[in-house]
Amino acid sequence: MTAPSTFGLSSEARNLHWLLSNLVEEVAGIQSVAVVSSDGLLLLSSDPGRNEEAREARSEKRTGPRGSAADLATIVSGIGSLTIGAARLMDFGGVKHTMVAMDEGSLFVMSISDGSLLGVHGSAECDMSVVAYHMALFVGRAGHVLTPELRTELRKSLEADATRSGQ
């Protein structure tokens with residue numbers, strides 16, 4: 001899979017792509033990242049080839065949810081919906097973040113100001129506090145620019161990339 005093209009995108013969209021790539025490159029153990037809209041649609045995802053070192057270390061094991069950004073987006077959206085529903089039932093306010101620890105990895109989901117979600121799939125070796133810190137930085141930098149117009153631009157960009165790659 002190749003990195004999504006940022007040619008022709010607005011400066012805000014290019015900045016979000018850069019922030020996401022930076023998150024994956026700077027935090028050891030991150031396998032994949034997805035930004036999902038409040039209605040469950042994938043807006044932005046990491047390029048799986050960017051974290052080649054972690055992938056090589058676990059070459060005999062699967063490194064992501066079937067290797068697909070769409071699968072990660074589906075999982076993130078489902079967990080987001082479940083935790084939001086639980087918070088409403090418990091009357092504890094909004095959900096800030098959710099973490100699922102598994103034997104061979106972790107899944108982190110963090111709310112973005114517009115109802116979108118940031119999801120990170122990490123290896124078992126990743127430092128959860130470092131991942132959470134960098135996710136909070138991403139949310140702080142990206143949350144205010146995720147306007148309806150930018151969400152539409154990101155969706156169209158993903159659809160164009162999928163069309164070009166023949167998916």
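Reply: Searching the whole structure turns up 1 salt bridge, where that term means a side-chain nitrogen of Lys or Arg within 4 Å of a carboxyl oxygen of Asp or Glu. Keep in mind that this is a predicted model, where local features need pLDDT of at least 70, side-chain atom pairs count only at pLDDT 80 or more, and totals for chains, interfaces and linings use all residues. Residues are numbered from 1 along each chain as its sequence is written, and side-chain values use heavy atoms, with hydrogens and water left out.

The partners are Arg 155 and Asp 39, with their closest N and O atoms 3.3 Å apart. They bring together distant parts of the chain, 116 residues apart: Arg 155 belongs to helix α5 (residues 148–165), while Asp 39 is in the loop between β1 and β2. (Helices, H or I with at least four residues, and strands, E with at least two, are DSSP runs numbered from the N terminus.) Asp 39 counts as exposed because its relative accessibility is 52%, and Arg 155 counts as partly exposed because its value is 23%. The cut-offs: buried is under 20% relative accessible area, exposed is over 50%, and partly exposed is in between, using a 1.4 Å probe and protein chains only.

Strand β1 (residues 30–36) pairs with β2 in the antiparallel sense over 3 bridges; for two strands to pair, DSSP must find at least two bridges between them. Across this pairing, Val 35 stands opposite Leu 44 in β2. In general, strands of a sheet pair through backbone hydrogen bonds, either parallel or antiparallel.

Zoom out, and these two strands are part of an open sheet of 5 strands, ordered β2-β1-β5-β4-β3 with antiparallel pairing. Its edges are β2 (42–45) and β3 (97–102), each pairing on one side only. From one strand to the next, the twist averages 15°.

Helices lie against this sheet too. Helix α3 (residues 69–90) packs on it, touching β1, β2, β3, β4 (105–111) and β5 (117–123), and its direction makes about 65° with that of β1. Touching is contact, meaning heavy atoms within 4.5 Å. Angles run from 0 to 180 degrees between N-to-C directions, with axes fitted as lines to C-alpha atoms, for helices over the stretch in contact. Helix α4 (residues 128–142) lies across β1, β3, β4 and β5, and runs at about 30° to β4.
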